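This report is for a reader new to the structure shown below.

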Amino acid sequence: MGDDPGDTGNGRYLSQLWEYGRRHGLSRRRFVRLLLAGGSVAVLDACELGEAPDQAGDAAGLAPAPSADESPWVKDPTPFILHPTNLETPLSSLEGLLTPNELFFVRNHASTPILDPVSFRLRIEGDAIPQPLELSLAELREMPSRSIVAYLECAGNWRSFFGRILGRTARGGPWGTGGVGCATWTGVPLGDVLARAGVNADAVDVLLAGSDDVEFNRPMPIAKALDPDTILAYKMNGVDLPPDHGSPLRGVVPGWVASNSVKWLTRIEVSTETLWVRNNTSSYVLIGDDWPPERYAPAEGGPVTTQTIKSTLALDWPAGVVAGRQLLRGFAYSPHAAVVRVEWRLDDEEEWRAARLVSPAIDYAWRRFEFEWEASAGSHVIRTRATDIAGNTQPDEVPFNESGYLLNIPLPHPVEVV
Ligand SMILES: Nc1nc2c(c(=O)[nH]1)N[C@H]1C(S)=C(S)[C@@H](COP(=O)(O)O)O[C@H]1N2
Ligand SMILES: [Mo]
């Protein structure tokens, strides 16, 4: 893509081109596809040839009504389990340790914005910063970089099983097991960026804010922000962050629910006081009998921060397999420490059997496991259970919370054998 505007250093070219394409009826997805396939020439051709899906725009170039294929994301949704604004990964489609970018789940609270990497600026401000600082993407890329392999998981992953298994439906998007993925993230440690801004010693909270339409944001305590594994990433699996995953810059906060890993990151606020926003008072908090609101005020319940240990089969839900010897595969992950044991259990058998771990133990990465099963015809249920080196394991019960976060019991995975 020789005329990639990102390569030419041509100012606001990309956002102007997108504005032009949009006015000619291009959807965000089609625009990015054309750009990737044939550069800006392909975009301009599509506009000029009237090849854009919506011909309703008048000669004056007024914006047409949003076309039917205007979707909240840019990537091809075909391989995914579709939700209104989210794309869930069918884990059965994953092979290796790393989730390919085109199969990585998407959780959007508003449509994927197209940001121009050239005019992009990250602003660091707040009462714990002596003077606001702005950094360009080029300046961030010049800083010493760090790569980490980490899984990101939506706080609501597995939510649908509160209703489907435990008989008590939680409110929120009905994720199955595919609101999770594992990737290599490359960027600059957030702590280095804060040091460059000269953060004061009395800093308490660090809020990351995105520039999607809802300006999605969430704070974390300064200690988590200064953890060398908390990074601002500009690459995912070795390539520039794709639009849906936060291009050109996102937070990656390993071990924490992925709502802290703010995409399209353009603003950081460092405060001398605890910051209260929607995403740590009413969303991403545990609401229920076990979390008395008076104890957590002004939040409505206990904050959701660190994830919980889980394991899951790389099978559809429900799964269908043919009778005979089967190799079943899956993923196990813990935010606390490396997973060192995965067990599985068939139907009502008492005993757990050992599964084989088939990928290395890497902090914050998930671990692949597999086992052989002599599948006999009929309806079966298979459970898996992970344990990490610190001794954390999946519990048999978790207390209900209204938004259905952090469910991590060994899931009874239904498997039909024919
Ligand atoms: N700006 C912004 N950042 C965001 C979100 C969002 O909607 N907007 N969603 C958050 C949530 S809830 C999740 S689970 C992760 C999902 O990251 P992904 O879409 O790259 O998989 O992004 C987080 N960061
Ligand atoms: Mo999420």
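Which residues of helix 6 are buried?

## Helix 6

Helix 6 spans residues 190–197, and its buried residues are Leu-190, Gly-191, Val-193, Leu-194 and Ala-197. These residues lie on the same side of helix 6, because they cover an arc of only 160° around the axis. Just after helix 6, Gly-198 has a positive phi of about 75°.

Buried means under 20% relative accessible area, exposed over 50%, and partly exposed in between (1.4 Å probe, protein chains only). Helices (H or I, at least four residues) and strands (E, at least two) are DSSP runs, numbered from the N terminus. The arc is taken from the directions from the helix axis to the C-beta atoms.

## Basis of the model

The model is predicted: local features need pLDDT of at least 70, side-chain atom pairs count only at pLDDT 80 or more, and totals for chains, interfaces and linings use all residues. Residues are numbered from 1 along each chain as its sequence is written, and side-chain values use heavy atoms, with hydrogens and water left out.

## Strand 23 and its partners

Strand 23 (residues 378–388) runs antiparallel to strand 19 (residues 339–346), and seven bridges join them. Trp-344 has Thr-384 in strand 23 as its bridge partner.

Strand 23 also runs antiparallel to strand 24 (residues 413–417), with five bridges. Here Ser-379 is partnered by Glu-416 in strand 24. Two strands pair if DSSP finds at least two bridges between them.

## Cysteines

The whole structure has zero disulfides, a disulfide being a pair of cysteine sulfur atoms within 2.5 Å. For Cys-182, the nearest cysteine sulfur is that of Cys-154, 16 Å away. Cys-182 is buried, with a relative accessible area of 0%. Cys-47 also counts as buried, at 5% relative accessibility.

Terms used
Chains are lettered from A and ligands numbered from 1 in the order in which they are written.
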